[in-house]
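Visitor: I am new to this structure. Please take me through one part of it, up close.

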Amino acid sequence: MAWIKVDAAAAIADGEYQLVTTEDDVELLVANVDGEFHAIENLCTHDNGSLEGGCIEDGEIVCPRHGARFCLRSGEVTAPPAYEDVDVYPVRIVDGVVEVADEPED
Ligand code: FES
């Protein structure tokens, strides 16, 4: 497993996220939720749409297309029309820089 540098933690405000792409071309959204950073695959399991552009509410990202919701900590789907969870990826902070793993959590 390798780590990808995202940005300075201070550059990702609470309730915001940044898009990063792994070497395997997997897009991830790295989000700041109340000062904790979480990474989720940028893929809605309803219609394989992008989650980018969705807003964060109560620790969940809301799909901008039809409103499915996913927990940013666990990837668990919490509202239809999606019914399958999304992969989440480990995140760490090193010297004030957010890094995300290039492989999902088990
Ligand atoms: S593509 Fe996300 S809810 Fe439909």
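Visitor: Does Glu 60 count as buried or exposed, and at what relative accessibility?

Guide: Keep in mind that this model is predicted. Glu 60 counts as buried, because its relative accessibility is 16% and the cut-off for buried is under 20%. Its salt-bridge partner is Arg 69, with the closest N and O atoms 2.6 Å apart. Arg 69 counts as buried too, at 18% relative accessibility.

Arg 69 also forms a salt bridge with Glu 57. Here the closest N and O atoms are 3.0 Å apart. Glu 57 lies in strand E5 and Arg 69 in strand E7, so this pair ties together parts twelve residues apart in sequence. Glu 57 is partly exposed, with a relative accessible area of 34%.

Now look at the sheet around these residues. Four strands form an open sheet, in the order E5-E6-E7-E8, with antiparallel pairing. Strands E5 (56-57) and E8 (77-79) stand at the edges. Each has a single partner strand, so one side of each is left without a neighbour in the sheet. Strand E7 (residues 69-71) pairs with E8 over two bridges. Phe 70 stands opposite Val 77 in E8.

The side chains of Arg 65 and Asp 47 meet at 3.4 Å, N to O. Arg 65 sits in the loop between strand E6 (60-62) and E7, while Asp 47 sits in the loop between strand E4 (36-41) and E5. The two are 18 residues apart. Arg 65 is partly exposed, at 45% relative accessible area. Asp 47 is partly exposed as well, at 43%. The structure holds six salt bridges.

Technical notes:
Residues numbered from 1 in each chain as written. Predicted model: local features only at pLDDT ≥ 70, side-chain atom pairs only at ≥ 80, totals over all residues. Heavy atoms only, no water. Pairing = 2+ DSSP bridges. Salt bridge = Lys/Arg side-chain N within 4 Å of Asp/Glu carboxyl O. Buried < 20%, exposed > 50% of the residue type's maximum accessible area, 1.4 Å probe, protein only.
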